[in-house]
Amino acid sequence: MEKVQPQALTNEAAEKMILRAGATLVGFGDIGEGLAEELKHMPCAISIAIKHSPVELVKRPRVIAYSHQLEAIDKRLEYIQKKVVSLLKGNGYKCLAIPPDSLRADKSFVSRLYPLFPHKTAATCAGLGWIGKSGLLVNERYGPRMSWATVLTSAPFKTSDRPIYCSRCGDCGNCVKICPVEAIDGGEWVRGASHASIDYRLCERHLERNRLVFGKAICGLCIIVCPKGRDAD
């Protein structure tokens, strides 16, 4: 990997490198407020996303699903993270890569930090999206049809001056209506509020039932019906 000189560590240089490596979106968010003690020395989050290809439904008799567990995209996100980590460490800054959600099953040290920092926090702080009624991260252009990864760092990047603090779903209730187990109550996300709009126990039970049908725990109907990103190129 080519060595990046210290003077190249700017938002513009980092963003250019990340997009060239295959990312669809990149943003920088100030996550210092409310950050877990273990992570307070890295108050900047680099949020990285790759859009999904056109939706392909998985069908079985009387059951359909959409899998957003896309191994090729997650591998690309990991590759991008490694380039970002190399850039940051080469310039003398601390950093921690939080891998895509589907790669969180291992028992490594970093996996124990996942509950302390979700990708949604980085993305909303970077102004890249909001948390929809489905509990998924929703981007204005691509909707929930994206996979995310995050790199936390001590580097002094300029962070977004337009973080998103509340839902922009409005009156849309498509995900509420389509949920086969009525796990979504339609509540609106507001940062810092304690209200949870998803009954994850119902959701997890349904995913486990689908595992018996499809061989993996997938559903994704709330992704399919979200109007945001439906026609994105």
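Student: With the side chain of which residue does the side chain of H52 make a polar contact at 2.9 Å?

Tutor: In this predicted model, that partner is S147, whose side chain meets the side chain of H52 at 2.9 Å. A second polar contact joins the side chain of H52 to the side chain of Y66, at 2.8 Å.

Student: Where is H52 found?

Tutor: H52 lies in the loop that connects strand 2 with strand 3, the latter being residues 57-60.

Student: Does H52 count as buried or exposed?

Tutor: Buried means under 20% relative accessible area. H52 counts as buried because its relative accessibility is 9%. Leaving aside neighbours within four places in sequence, the residues in contact with H52 include H68, L70, I73, R145 and M146, as well as the Y66 and S147 already named.

Student: Let us turn to helix 1. Which residues of helix 1 are buried?

Tutor: The general idea comes first. An α-helix has 3.6 residues a turn, so residues three or four places apart point the same way. In this structure, helix 1 spans residues 11-20, and N11, A14, M17 and I18 are buried there. These residues lie on the same side of helix 1 because they cover an arc of only 140° around the axis.

Student: Which residues are exposed on the other side of helix 1?

Tutor: E12 and R20 are exposed there.

Student: What covers the buried residues of helix 1?

Tutor: The cover includes strand 1 (25-30), strand 2 (44-51) and helix 2 (71-90).

Student: Which residue follows helix 1, and what is its phi?

Tutor: G22 follows helix 1, and its phi is positive, near 120°.

Student: Now the sheet. In what order do the 4 strands form the open sheet?

Tutor: In general, strands of a sheet pair through backbone hydrogen bonds, either parallel or antiparallel. Here the order is 1-2-8-5, with antiparallel pairing. Strand 1 and strand 5 (95-98) are the edge strands, each pairing on one side only. On average, neighbouring strands of this sheet are turned by 20° against each other, direction ignored.

Student: Over how many bridges do strand 5 and strand 8 pair?

Tutor: Strand 5 pairs with strand 8 (residues 146-153) over 4 bridges, in the antiparallel sense. As an example, the bridge partner of L96 is L152 in strand 8.

Student: Which strands does helix 1 touch as it packs on the sheet?

Tutor: Helix 1 touches strand 1 and strand 2, and its direction makes about 140° with that of strand 1.

How values were computed. Residues are numbered from 1 along each chain as its sequence is written. This is a predicted model: local features need pLDDT of at least 70, side-chain atom pairs count only at pLDDT 80 or more; totals for chains, interfaces and linings use all residues. Side-chain values use heavy atoms; hydrogens and water are left out. Buried means under 20% relative accessible area, exposed over 50%, partly exposed in between (1.4 Å probe, protein chains only). Helices (H or I, at least four residues) and strands (E, at least two) are DSSP runs, numbered from the N terminus. The arc is that of the directions from the helix axis to the C-beta atoms. Contact means heavy atoms within 4.5 Å. Two strands pair if DSSP finds at least two bridges between them. Axes are lines fitted to C-alpha atoms, for helices over the stretch in contact, and angles run from 0 to 180 degrees between N-to-C directions. A polar contact is a pair of N or O atoms within 3.5 Å; within protein, one must be able to donate a hydrogen and the other to accept it, and residues adjacent in sequence count only if both atoms are side-chain atoms.
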